[in-house]
Structure formats: C-alpha cells, structure tokens
Number of protein chains: 2
Amino acid sequence: MHSFRLLKTSPRSQARAGELVTPHGKVPTPVFLPVGSQGTVKTLTPDEVKELGYKMLLANTYHLYLRPGIDVIEKAGGLHNFMGWDGAILTDSGGYQVFSLSPLRKVSDNGVTFRSHIDGSRHHITPELVIQYQESLGADIIMVLDECPAHDDSPSKVKRATERTHRWAERCLKAQKRPDQALYAIVQGGMSAELRQESAEYLSSLDFPGYAIGGLSIGEPKPTTLTMIEETVACLPKDKPRYLMGVGSPEDIVEAVARGVDIFDSALPTRVARNGALFSWEGRKNISNAVYKEMEQPIVASCDCYACRNFSAAYLHHLFSCGELLAYRLATIHNLNFIAELVAKIKGAINDGTFLSFKDKFLATYQPADEPTRLAQKQKWLKRRNLSQ
Amino acid sequence: MHSFRLLKTSPRSQARAGELVTPHGKVPTPVFLPVGSQGTVKTLTPDEVKELGYKMLLANTYHLYLRPGIDVIEKAGGLHNFMGWDGAILTDSGGYQVFSLSPLRKVSDNGVTFRSHIDGSRHHITPELVIQYQESLGADIIMVLDECPAHDDSPSKVKRATERTHRWAERCLKAQKRPDQALYAIVQGGMSAELRQESAEYLSSLDFPGYAIGGLSIGEPKPTTLTMIEETVACLPKDKPRYLMGVGSPEDIVEAVARGVDIFDSALPTRVARNGALFSWEGRKNISNAVYKEMEQPIVASCDCYACRNFSAAYLHHLFSCGELLAYRLATIHNLNFIAELVAKIKGAINDGTFLSFKDKFLATYQPADEPTRLAQKQKWLKRRNLSQ
C-alpha cells in the first residue's frame, strides 16, 4: 500500500527524484507539504490546494487533539473526510508542538504531561497514545512521538532527549496496529554531529518505512542547519524517503534537496504570505512597500498564479493596507504557487541531470533575508508566534 | 446606455419585477447588492461573487477616497479594472459613512468637513467633489451626497437635513459630466411621513433616473422602517427603480419588495456570516452552538452552496472555534447564496403572480431575531462596529 522508489539521482550532488505511493495517490518527490495544522491550509479550500498542484499536506495531531478532539474526527470517518481532502495526508505526532507551544510540560520516560496553549487544561500523552490518535485520524503517513531539545540546550540534555526519542520510537513501532499507514521515525541529536549520526544509525536499524530529520531550523545559524542535515542524511538508508521537518524557505529547500532530502513541510510560505511577504525569483517582496501603491502590473510579472493573473500589485497593496481578508488568501495562493513551481523546477533539473547548475543559478539570483535579520525574525516568531500553526 | 423597465407587477401588493440595463450588463430586479465598501466583498474573489449569481455590487466612495485614494483607482482605469469585476457597480456617495463613521464632522450648506476614522486626517467634501470622485471611480450607478439625520434627531434638525439633501441633490445633478453613469437621488425625511413624502415629491420633480430611500434601519423600530418605506414609495415615480439603502436581512427584503422596492444593499449577510450566523429558511443558525460540534450533515441540508455541498456543520464549527480564516469565507458564501436564492424565489413568485402567498409562507417559517434583541444588537453594532464596512 505504501512504497517509495528512487527514479533519478543527481550525478554530482545528493539530490534525488522519486515517487511515494500512498493509499491516497502517488506523490512525486521532492515534495513540499503545505501546512494545515488544524485541518485547513489557512485561507484556502482543499480544491484550491489541489489546483496549486499539491498532492499531500500536513496536519497536526496536537492541534486536532485539542480542537475539535480526535473522537470528533474519527466519528466523521477520519481526517480526509472531515476536511474534504482526498489527497495524501501526513500527520505530525505533535511532539514538537507540545515542546514549543505548551506553556507547562513535564517529560518522563513514560510520556509528556502538558497544558493546552488554548485553555490551560492538563493532558498526558505517551508514544502509544500518539499512535492511537494518529490511527484514528487516519493519515497516510504518521510520525513517532519525539522529544525536541532547544538548539542551545546542554549536551547532556540533548543526549537524554535523543535517547528518549529512540525508546519512544520503538514503542511507537510496537503500538502501531493499522497496516495501511506508514510510520516514520524522527532523528534528533541537537546540533551535535556525533549524536545525529548515532540517532540516524540507531533508528535505521529499526527499519522504518521513512525517516524524518527533526529539531532543526529552531533558532540555530543556517550553516549549522545544513551541516546537521548532511551528517544525518549520510547515515540514513538510501532507499527510504527522508523528510526534513519544519523547513521550507525557498533557499532552504534548494540547499536541502542538494543534501538528499525528499520531503519538506513548513508554515513559512503561508505565514509570511499573511504578513505581506511574497516570493519572487529575486527574493521576498513586501507588498506593503509604497512602491506597489500604484503598480498596475502584478507583483511578479512572470507569475501565472491566480493572484498575479487577476490582480495588480496596487490592488494587493490596497487589500493589505485595509486588512481585507482576501489579501491573506491571494498572498497564500501566490506563495504556495511559487513553492510548487520551485519544486517542479528542482525535479525537472534532477531529471535532466542539471540540478547543480539550477541550484547555482537560483541561489545567485534569489536574495534571502540576511542572516542577522532572519535569526532575529525567527527568535521573535518563536516567542510570540501565531499559536494556531 | 441606462434603462429600467418593469416586466411584472404583483396583483395584490406593490411587488414588481424588472430589469436594469447598465454599461456592464443587464441586472434583473429585485436585486440585492453584496457590499464591497473597500473594493472587495469581504473574503471573496470577484469570480466567487459572480458564481453566486450576482451581477452588481456596491462599493463606497468614502472608503475608497481614504484608501487607496481616488487617484490610484483612476490611474488603474477605474474601479472595475482595479478590483477585477466586470459586472455592474453602484457606488454610494459616502454621505452616510461621513455621518456614521467620522469621529468629527462639521456640516454647512457648502459641504462637510470631517476627520478620517483611520488616521484622523481632515477632509472636506462637497456635492460637486463627490460627483467628481464617483466619475473617476467609474461605477455604473452613482449616488448624490445626502445628509442622514439620526433616527432620534429633533424634527427641526431632520427638516434641515432633508432640505439640505435636496439642495445638494440639485448641485450633484448639475455637477454630473459623464453621460454613461446613472445618478440616483436619495430621499431623506427621518421618521416623519410628511417629510418623507415632501422629499420624495421634490426629488421626483428633478427627474433622476433612480431613487434611493436613505436614512432607514439606523436604530428605529422595524414597524417604523416599514411605514417610512410605504410613505416614500407612494410618492416616487412608478417607472424608476427604487433602491432601499443599507437594508438586507431576509425578512426585510421580503417586506420591502412587497412595498415596491427594487434594489437592496446591506453588509448584514456578510457581517453576520463572519460572526457565525448562517441563514436557513427557519432563521439564522449559530454555527458556534454545541449542537453542531459533531454534526456530519451540512448546516442547511437542502442548501446547494459550495460550503454546504463540501463541508459538514462539524467542520465549519471547528473552523469557527479555531478562528480559521476559511470559516469566514465559507460562511460568507453560504449567506450570499441564501440571499441570492431568496431573491430568485421572490422574482419567480412575482412572475408567477404568487408573491403574496410566497411572502406569507416565508414569514410564517422564517424566525427573525426578536425585536428587543435585534435593536440591542443594532445599537451595539452602530457603536463599536467594524469600521471597515
């Protein structure tokens, strides 16, 4: 019911193109999953997500457990039915959210006790419960419960979290009952190359159908992120899909594909869209900038997304300046279309054997947010972020 | 370029079916105009508004003058172009908004000095300027500048405002240069039958191509609203369209059609949608009610709108409970679809000669908000309303 096959590997990089088969359709890789934590990709209907070319999306067990409750979705016949999405779904276990969103939590080997970020109510999850919840939700790909240390935690704390993540992964594997869902492991290990290798090797020995790289892009400098990806991928089996969790800026996708990653998810493209930052091949453009006030062309002249085909930059600027809800929707469509196009170009280049030159050309033109700004924004966001995603 | 013809009148009521011809297409009447004060029907694309069956919408000169500015829209080739809507548009002059939204205003015969509700900046408009702005925006139907007294203003104040409205209407008529726009007059007169008659008769003598009834549904009891409509309509020419401004609850539409009104606009259907109140033939349903938490059927089983065809009440309940933006959009689609269907049924009944029995049946089943609740809500809304609509 599930399979992954490699179709092409890049001759002088780790980049690869492949295909995931899931009970809800085939998904070519590399693939980016739009984030719909609460069972909705913010502002869009499932039809629109599909029209943008997406075949798989991500939802979150933590959010859905708190609202509307796992039982409500189970009674509705599962998450696909509940949210009206007939493509593939990957649910994160909620481990990361418990560690990043919950105001109070207590971790023991048994599991995690935490308080809801919504109403403060107390909850307890274990690796077994997290599998049970994800079996009730019925996603195609489900994730183990992991413990994600902070990027600046002490080495001993990171080691403890990594080892606990391994024990939990084994328990998740044992707890799994549904044969139609693929359960992926999550590699931790903080910012230590040794721990990353150890974690990847240990989890590889358990023969999961897929491997995620967790605990990255959580406030560490970008070169560290990329090194940790390399160290992890080097110890993962070649024939299994590799999923880099929570990473999804255009430049990060290109860099991580070059290092052998197949699957991505991130709220970044949709979140920055709602803040008025629109992707272009030169970098992000801030639609609130006064230069757009009277621009009759679309914000990206070459773009064929619904927003750019139908509306001028001036109109988008106006909608943002008024806080009109249509603004967030059009910007979301634009950014998800850009990511879909970027991933399609990456795939094409891998298949043509021209990935490295595509990468160089892309990175020479695309201007990412500079590193101090990026880190400052990330810290700020981690602190007072939109709790709902 | 503009015309109005009556196609059918109801034998035992004032209800009538007709057709408006505008430079942007034919519009059958009775017609309800969705409100897009800022050049967008909140949450929807122009395509969606069209798919719901609407052929004309309303935008507001006051809002567009403040943001993005009349010049921006003029440079974009007019409002149709700017917002991507190729159907008909009616722009309100902004008179009502100046009187209801501006924190400070000074009225003289010359015009109104007011402060922006957005940034407090000072502005001055005159009847001539309001016509000039609307000619730049380029709507199909434009409105005179009027002075709208409060529903409990003293008789002498109401009389002064009504007479000033008449003088301003004459000046607007003289100021009009574009022959391709239809300029409608606005009847005022507060809650006085005599003043309403006087106003309707005076303005009728000026031979405008259409007549609006202004200054109603602004906090007065419902029976007063209906009486004022009757008194006004009785003095308006039969062969001109009659437009009841700012009225659009389902029961009000039915009652006003019975009294001879052809055109309606109101932010109510879209505003209450965003608050989770969804129209059904039995009345409004509050999607946040716990009974919907697990309801697998759509909120209105018989409804064929996009939201009800694709999503359960439970899913909508969930989206509202999370404050997800898709919630407001689906609810807006539902309510605008309901109003479109209601107006289609009204038209059908007028054409079949069965309007009165349709009206009785509708009002027997449809449960409006009870009068004390409605008035309390209205007062509350007038006080701290969403300033952007």
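Biologist: Which way do strand 12 (residues 211–213) and strand 13 (residues 242–244) of chain A run, and how many bridges join them?

Modeller: Strands of a sheet pair through backbone hydrogen bonds, either parallel or antiparallel. In this predicted model, strand 12 and strand 13 of chain A run parallel and are joined by three bridges, with A:Ile213 standing opposite A:Leu244 of strand 13.

Biologist: What is the order of the strands in the open sheet of chain A?

Modeller: The open sheet has eight strands in the order 4-14-13-12-11-10-6-5, with parallel pairing. Strand 4 (31–33) and strand 5 (56–60) of chain A are the edge strands, each pairing on one side only, and neighbouring strands of this sheet are turned by 25 degrees against each other on average, direction ignored.

Biologist: In what sense do strand 2 (residues 16–22) and strand 3 (residues 25–29) of chain A pair?

Modeller: Strand 2 and strand 3 of chain A pair in the antiparallel sense over five bridges; a hairpin joins the two through two residues, and A:Thr22 stands opposite A:Gly25.

Biologist: How should I read the aromatic pair of B:Trp281 and B:Phe338?

Modeller: A pair of aromatic rings is described by the distance of the centres and the angle of the planes. The structure holds 26 aromatic pairs over all chains, and the pair of B:Trp281 and B:Phe338 is tilted, with 4.4 Å centre to centre and 45 degrees between the planes. B:Trp281 lies in the loop between strand 15 and strand 16 (283–286) of chain B, whereas B:Phe338 lies in helix 14 (residues 325–352), so the pair ties together parts that are 57 residues apart in sequence. B:Phe362 and B:Tyr366 form a stacked pair, at 5.1 Å centre to centre and 15 degrees between the planes, and both are buried.

Biologist: What lies over the face of B:Trp281, and is B:Trp281 buried or exposed?

Modeller: B:Lys345 lies over the face of B:Trp281, at 4.4 Å from the ring centre, while B:Trp281 is buried, with a relative accessible area of 17%. B:Ser280, in strand 15 (residues 277–280) of chain B, counts as buried because its relative accessibility is 1%, and its contacts include B:Phe338 and B:Tyr366.

Biologist: What relation does chain A have to chain B?

Modeller: Two copies of a chain are related by a rotation about an axis and a shift along it. Chain A can be laid on chain B with an RMSD of 0.0 Å by a turn of 180 degrees and a shift of 0.0 Å along the axis, which is the relation of a two-fold axis. Of the residues of chain A, A:Leu325 comes closest to the rotation axis, at 3.8 Å (C-alpha).

Definitions and conventions
Residues numbered from 1 in each chain as written. Chains lettered and ligands numbered in written order. Predicted model: local features only at pLDDT ≥ 70, side-chain atom pairs only at ≥ 80, totals over all residues. Heavy atoms only, no water. Helix = DSSP H or I, 4+ residues; strand = E, 2+ residues; numbered from the N terminus. Buried < 20%, exposed > 50% of the residue type's maximum accessible area, 1.4 Å probe, protein only. Contact = heavy atoms within 4.5 Å. Least-squares fit on C-alpha atoms with pLDDT ≥ 70 in both. Pairing = 2+ DSSP bridges. Axes fitted to C-alpha atoms, helices over the stretch in contact; angles between N-to-C directions. Phe/Tyr/Trp six-rings, centres within 6.5 Å; stacked < 30°, edge-to-face > 60°. Lys NZ or Arg CZ within 6 Å of the ring centre and 35° of its normal. Lists of a residue's contacts leave out its neighbours within four places in sequence.
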